[in-house]
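Take a look at the protein below. The report starts with confidence, then turns to the fold and the core.

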Amino acid sequence: MKKIAIMAAVAVFGFANVNAQEDVSVYGFGEGDIFIEGNVGFNSSNDKNTEEKASGFNISPKAGYFLTDDLALGLDLSYASSKTKVAGTTTADVDGFGAGVFARYYFLDLGKRFKTYTELGAGYASAKDKGGVFDEKFDAFGAGLDLGINYFVTEKIALTFGLKDILSFSSGKTKVGDVKGEAVTNFNFGFGDVANPFGGNAAFGILFKI
């Protein structure tokens, strides 16, 4: 009877251990997995001293393919919009579009469901002031480094929080009317401007694993 009890305890322990391993493995990625992700960011300010109000948002859908369990390559698109008003008069109304490529590397698991990553991306963006004082257009190429974390709600769905462009480089030209400006190069560490089509803000999103 004692031997039977011991064997039963060993069997239960082994079953629980296998289940625990399976639970850990289902929350994450494997070689050959595909994910589709969408991020949304928002920013606003209100300076009562100058009566200037500014607001903006950005949307960034992307898709990636895992070459290994930790490394994914993919493509992304972006749309950004911002508006600035002074004393109720619109001084800038900017729309921006972008497309690029990225590499994402998952480097740390925090428990079973939290997966942290760093992401390096590069691409092209174009922005135009469609309702401001000047007929201004901006085109640029750039690269940026992001940090982010996924929380797996289910095996296939994860919530995403990211800090975009904590390190970034861009080079672009501005055109005002028919006058083209010289190239302007920027290198930033920290957070960018809401009107920057490459982002630069905290972003929230949702990820679907295929």
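## Confidence

In this predicted model, confidence is lowest in helix α1 (residues 2–26), at a mean pLDDT of 43. It is highest in strand β5 (residues 114–129), at 94. pLDDT is the predictor's confidence in each residue, from 0 to 100. Residues 1–24 have a pLDDT below 50, and beyond near neighbours in sequence this stretch has three contacts in the model. Contact means heavy atoms within 4.5 Å.

Residues 192–200 also stay under 50. For them, the model has 29 contacts beyond four places in sequence. The mean pLDDT of the protein is 81, and 81% of its residues reach 70 or more.

## Fold

The protein has one helix and ten strands. Along the sequence, the pattern is α-β-β-β-β-β-β-β-β-β-β. Helices (H or I, at least four residues) and strands (E, at least two) are DSSP runs, numbered from the N terminus.

## Core

Of the 210 residues, 33% count as buried, meaning under 20% relative accessible area (1.4 Å probe, protein chains only). The largest nonpolar core has eleven residues, including Phe29, Phe66, Tyr106, Phe152 and Leu207. Such a core is a set of buried Ala, Val, Leu, Ile, Met, Phe, Trp, Tyr and Cys residues joined through side-chain atoms within 4.5 Å.

What does Phe152 contact, leaving aside its neighbours within four places in sequence? The list is Tyr27, Gly28, Phe29, Arg113, Lys115, Ile157 and Ala158.

## Notes

Residues are numbered from 1 along each chain as its sequence is written, and side-chain values use heavy atoms, without hydrogens or water. In this predicted model, local features need pLDDT of at least 70 and side-chain atom pairs count only at pLDDT 80 or more, while totals for chains, interfaces and linings use all residues.

Key
Buried < 20%, exposed > 50% of the residue type's maximum accessible area, 1.4 Å probe, protein only.
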